[in-house]
Amino acid sequence: MFVLELSYTAPLDRVDAVLNAHVVWLDQQYEAGVFIASGRKNPRDGGVILAVGDDRAAIERLAATDPFVAEGVCAYRITEFIATKTSDALAPYRQQL
């Protein structure tokens with residue numbers, strides 16, 4: 001499992017100009033089963049995405065396709081972790097050490 005932390009690198013007016021394309025991209029990743037949660041940080045200086053996958057390089061390549069990245073309005077910090085404990089709703093994503 002991965003935590004993708006987005007940090008805006010441009011003013012919010014530039015971020016907002018790309019927001020619709022970013023949401024379409026998010027929807028595609030939800031449909032593909034890669035993303036399981038996402039949202040803005042508060043204060044609004046970026047966002048967080050919870051993603052599932054076994055291949056860090058694949059997640060990094062996917063993040064690079066985000067319109068926010070293509071338009072140069074955010075940077076990603078990707079943290080991989082092993083989800084050994086979850087709520088019942090996330091039981092399908094539990095991992096073993």
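1. Throughout this note, buried means under 20% relative accessible area, exposed means over 50%, and partly exposed lies in between, computed with a 1.4 Å probe on protein chains only. The model is predicted, so that local features need pLDDT of at least 70 and side-chain atom pairs count only at pLDDT 80 or more, while totals for chains, interfaces and linings use all residues. Side-chain values use heavy atoms, with hydrogens and water left out, and residues are numbered from 1 along each chain as its sequence is written.

2. A salt bridge is taken as a side-chain nitrogen of Lys or Arg within 4 Å of a carboxyl oxygen of Asp or Glu, and by this rule there are six salt bridges.

3. K41 pairs with E5 in a salt bridge, at 3.0 Å from N to O. K41 is buried at 19% relative accessibility, whereas E5 is partly exposed at 24%.

4. K41 also forms a salt bridge with D45, whose closest N and O atoms are 3.6 Å apart, and D45 is partly exposed at 40%. A network of salt bridges links E5, K41, D45 and R77.

5. In helix α2 (residues 56–63), R56 and E60 are four residues apart, which means a separation of about one helical turn. Their salt bridge has its closest N and O atoms at 2.8 Å; E60 is partly exposed at 36%, and R56 is partly exposed at 31%.

How values were computed. Helices (H or I, at least four residues) and strands (E, at least two) are DSSP runs, numbered from the N terminus.
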